[in-house]
Amino acid sequence: MPARYHIYPQLQLKFVSIWGKTELAELMALATRYSLDPDFDSKNRMLVDLSDLQDAKATFRDVFALNGFYERTFAASDTPMSVAISAPTGLGYGLARMFSALTSGKPLMHVEIFRSVSDAATYLNIDLGKLRDTQNA
């Protein structure tokens, strides 16, 4: 599957990277895995990197289904999750905009879209140097 996540409890961050070709079932499977991870905390911020996304089998209906999946899976949280999506390509940006539009005004998450990982990290108040140090530890 061309997607992975890592939870950094010390940074209160879940980092998700999606690359290559993906589809809805893979993204739902990934979200299920991290929701069951013992380090998962719905209050953590989420940084999503779509920099290397090349293709996605995702219609509006698929993005709508993914949003519904998130609502069912993470509905118990009383604090909206801060989500920053790095989407430098047209494909990633378009998918991120669809997802953002569907989550807008709902209490589940607050989604912002950026053209670079560094801008997304800045929005979440994440020091990329600390993140890289943590990744390499």
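Helices here are DSSP runs of H or I with at least four residues, and strands are runs of E with at least two, both numbered from the N terminus. This is a predicted model, in which local features need pLDDT of at least 70 and side-chain atom pairs count only at pLDDT 80 or more, while totals for chains, interfaces and linings use all residues. Residues are numbered from 1 along each chain as its sequence is written, and side-chain values use heavy atoms, with hydrogens and water left out.

I will start with helix 3. It covers residues 90-103, and after it comes Gly 105, with a positive phi near 80°. Its buried residues (under 20% relative accessible area with a 1.4 Å probe, protein chains only) are Gly 92, Leu 95, Ala 96, Phe 99, Ser 100, Leu 102 and Thr 103. Seen down the helix axis, these fall within an arc of 160°, taken from the directions from the axis to the C-beta atoms, so they line one face of helix 3. On the face turned away from that side sit Gly 90 and Ala 101, both exposed, meaning over 50%.

What do the buried residues of helix 3 pack against? They pack against strand 5 (53-57), helix 2 (60-74), strand 6 (81-86) and strand 7 (109-114), where contact means heavy atoms within 4.5 Å.

Helix 2 also packs with helix 1, residues 24-36, at an angle of about 15°, with the axes 10 Å apart. That makes the two helices roughly parallel, a term for angles under 35 degrees. Among the residues that meet there are Leu 24, Leu 27 and Met 28 in helix 1 and Phe 69, Tyr 70 and Phe 74 in helix 2.

How values were computed. The expected span of a helix is 1.5 Å times one less than its number of residues. Axes are lines fitted to C-alpha atoms, for helices over the stretch in contact, and angles run from 0 to 180 degrees between N-to-C directions. Angles under 35 degrees count as roughly parallel, over 145 as roughly antiparallel, 65 to 115 as roughly perpendicular and the rest as oblique.
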